[in-house]
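Thanks for coming, everyone. I have one structure to walk through today. Here it is.

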Amino acid sequence: MAAPFGGRGALYMTKEELIQPENRIYGKPALMNDTPMHYCPGCSHGVVHKLVAEVIEEMGIEEDTIAICPVGCAVFAYRYLDIDWIEASHGRAPACASSVKRLWPKKLVFTYQGDGDMACIGTGEAIHAMNRGENIAMIFINNAIYGMTGGQMAPTTLMGMKTATCPYGRQADLHGYPLHITDIAVNLEGTCYVTRQAVNTVANIRKTKKAIRQAFENSLNHKGCSVVEVVSTCASGWKKTPEQANQWMTENMFPYYPLGDLKNTNE
Amino acid sequence: MDEQKKDYVLLKGNEVIAKAAIRYGYDGFFGYPITPQSEVLETLAVDKPWETTGMVVLQAESEVASINMLYGAGATGKLAFTSSSSPGIALMQEGISYMAACELPGVIVSVGRGGPGLGTIQPGQADYNQAVYGGGNGDYNLIVLAPNSVQEMADCMGKAKELTFKWRVPVMILSDGVIGQMMEKVELPPFTPRRTEEEIHQQCPWATNGMGLKGRKYNYHSSLEFDPLVMEDRNHKMAEKYRKIEAEEVDYDTYKADDAEYLIVAYGISSRVSMKTVDTLREQGVKVGMLRPKTLWPFPNRILNEKAENLKCILCVEQSEGQMIKDVRLAVEGQVPVYHTGRSGGMISSPADVVDAFKAMARENISKNWPKGYWIK
């Protein structure tokens, strides 16, 4: 084997030669396929996708998982994870998941939705699925902006935040206030686990993974509805570099959407 | 067969929808109350099929949620249905288009009332266009069945189950407030067990239920395509399927139509009214018959076109301002004039109304004395 660093030989090493099991300290989950992702650099979606794949793999429930993806940036989630997917119409993923879980009670059923999908066009479906205590997990990517359509105002856009449809900043008299759907979820009797996480640091990624696992176990064990909000970056929509986006999220999003468990009836 | 052993009951059309669904082995119902079809969910709630056949029953938060629940159910290979009435079906159109786009099975029962808008809660047939031409976007068709009796409400639930899986096209049962609310003697179908998960796995390799994932590529259902060429290809394939359905699944009934010089075309409650009209006119020596489409899509074009050759004119009876009449005109390709009669907004023609309309039509047709071939131009 050629030397891994330096020397002419290294340039001509194949991927297989380079990635030897003894060298490997990090791997892509097997459920994630090689389809190139459409997500922008610095976007949180890719990390959350990976966590979902890891958790399903670790739980060994690939054949017992039915996933529902939304309309929005994650509309193509079904291209990246080798599990069975249903692409719901905009906002209706919780309704779709409700019937699927009731008809397949032994399966893990989860939705993967953005802020527009869950907190705007699909607020009704989201709240009613939560309130019925559907035994589903809902992963909620909150990046406070509409990424897919090019950076318009979201229901979770912060006050004063500039977007394509509130170019002078969000103001209450024109646009109303940010919707705290996760806080609403806490007060619904049907929810068993509501948490708000982020994937900006390794420590937070680990916490998010733990939260996703908890939510998935709740679905399998019929504990009720779980909501995992992931406060996320949208570098393109925010018109920032990935690094600036992380910093902006830490400084502006976290004070408004504080991280941590909001409800856990198992405890 | 021994009459005693048959399951005869006196029931409302809506109640029969619920009872037939349980007996045909439906896996789920997802719906929202609306007059005049609320008895469907009410009957299911009383009968509690989840304790017997295991059928799931859920009162959704809206018709929008109901149809998307149906979408999810169909995607996983389960047999589910919803029921609603005119404004509720309007809310479902997006979901119906998505189901058609993903080629998912599912049964939608529509019990029509007077419209447009909130309209009235009395019976109507102004949802022909909504059912046959759809309010959803894109190139798609639904198979549309049109029962005209309480017995046929039961039968249609069986037929819809078969057709929706055979073709992977959503099936709509287009009924109306009269058929839904009236009581008639009905023979309920025998109990068919629901399919087991293993049977679904065998019969629906396209289903997104995770079963057998390790031995196959993952399944997904999505109506989104960014490549217009791929989308066009999908549409072509669906269109091919629709042409096959048109060739194979047309269903109709005739009544005293063999020697008819005049033909009434009617479906649902209008066909029941028109049978009486035909009887009355036959007693007066008029050679009139009726053709009743039992499938509104695919429409019985060929038989109408053939019959038109020997007809003087056609009267289309619908409880609307005239919607099916356009399909009848297309079917006869101008061979004979086609007239319309019917009431709307929740009113129903009586047999005598139709007799009067028929006579007025016949008089006008004779007085105009259309030259041969006039209607072909």
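One definition before anything else: the domain bounds I use come from an automatic or database domain assignment. With that in place, the C-alpha centres of domain 1 of chain B and domain 2 of chain B lie 28 Å apart. Keep in mind throughout that this is a predicted model.

Let me stay with those two domains. Domain 1 of chain B covers 3–197, and domain 2 covers 253–376. How many residues of domain 1 of chain B are in contact with domain 2 of chain B? The count is 25 residues of domain 1, against 21 residues of domain 2. On the domain 1 side, four elements of chain B each supply at least two residues: α5 (128–132), β6 (143–145), β7 (171–176) and α7 (177–181). Of these, α5(B) gives the most, with four residues. By class, that side of domain 1 has 13 nonpolar residues, 10 polar and two charged.

Next, a helix pair in chain B. Helix α11 spans residues 301–308, and helix α12 spans residues 324–332. Their axes come within 8 Å and cross at roughly 65°. The crossing of α11(B) and α12(B) is right-handed. From α11(B), the residues that meet the partner are B:N301, B:L304, B:N305 and B:A308. From α12(B), they are B:V328, B:A331 and B:V332. This contact has five nonpolar residues, two polar and no charged.

One more helix in chain B, at the other end. Helix α1 (residues 13–23) of chain B is mostly covered, with 10 of its 11 residues buried. Among the buried ones are B:E15 and B:K19. After α1(B) comes B:G25, with a positive phi near 80°.

Now the two chains together. Chain A puts 29 residues in contact with 35 residues of chain B. Which elements of chain A give two or more residues to the side that touches chain B? They are β1 (65–69), β2 (84–87), α3 (93–103) and α5 (123–131) of chain A. The most come from α3(A), with eight residues. By class, that side of chain A has 13 nonpolar, six polar and 10 charged residues.

β2(A) and strand β9 (residues 220–221) of chain B pair in the parallel sense, over two bridges. A:I86 stands opposite B:H221 in β9(B).

That pairing belongs to a bigger picture. The sheet is open, has eight strands and shows mixed pairing. Its order is β9(A)-β7(A)-β8(A)-β4(A)-β3(A)-β1(A)-β2(A)-β9(B). The edge strands are β9 (260–264) of chain A and β9 of chain B, each pairing on one side only.

Go to β8(A) in that sheet. Strand β8 (residues 225–231) of chain A has seven of its seven residues buried. In a regular strand, side chains alternate between the two faces of the sheet. Here, A:C225, A:V227, A:E229 and A:V231 point one way from β8(A). A:S226, A:V228 and A:V230 point the other way, and all of these residues are buried.

Both neighbours of β8(A) run parallel to it. Strand β4 (residues 137–142) of chain A pairs with β8(A) over six bridges, in the parallel sense.

Last, one residue where the chains come together. B:T208 lies in the loop between α8 (197–203) and β9 of chain B. Why does B:T208 count as buried? Because B:T208 has 28 C-beta neighbours inside 10 Å, and the cut-off for buried is 20 or more. Leaving out residues up to four places away in sequence, B:T208 touches A:I66, A:D84, A:W85 and A:I86 in chain A. In chain B, the residues B:T208 touches are B:A75, B:T76, B:N219, B:Y220 and B:H221. Note that A:I86 and B:H221, which stand opposite each other, are both on that list. And B:G77 is 131 residues from B:T208 along the chain, yet their C-alpha atoms are separated by 7.4 Å.

That is the tour. Questions, please.

Note on methods:
Residues are numbered from 1 along each chain as its sequence is written. Chains are lettered from A and ligands numbered from 1 in the order in which they are written. This is a predicted model: local features need pLDDT of at least 70, side-chain atom pairs count only at pLDDT 80 or more; totals for chains, interfaces and linings use all residues. Axes are lines fitted to C-alpha atoms, for helices over the stretch in contact, and angles run from 0 to 180 degrees between N-to-C directions. A crossing is left-handed if the near helix is turned anticlockwise from the far one by less than a right angle, and right-handed if clockwise. Two residues are in contact if their C-beta atoms, placed from the backbone, lie within 7 Å. Ala, Val, Leu, Ile, Met, Phe, Trp, Tyr, Cys and Pro count as nonpolar, Asp, Glu, Lys and Arg as charged, and the others, Gly among them, as polar. Two strands pair if DSSP finds at least two bridges between them. A residue is buried if 20 or more other C-beta atoms lie within 10 Å of its own, exposed if 12 or fewer, and partly exposed in between; C-beta atoms are placed from the backbone.
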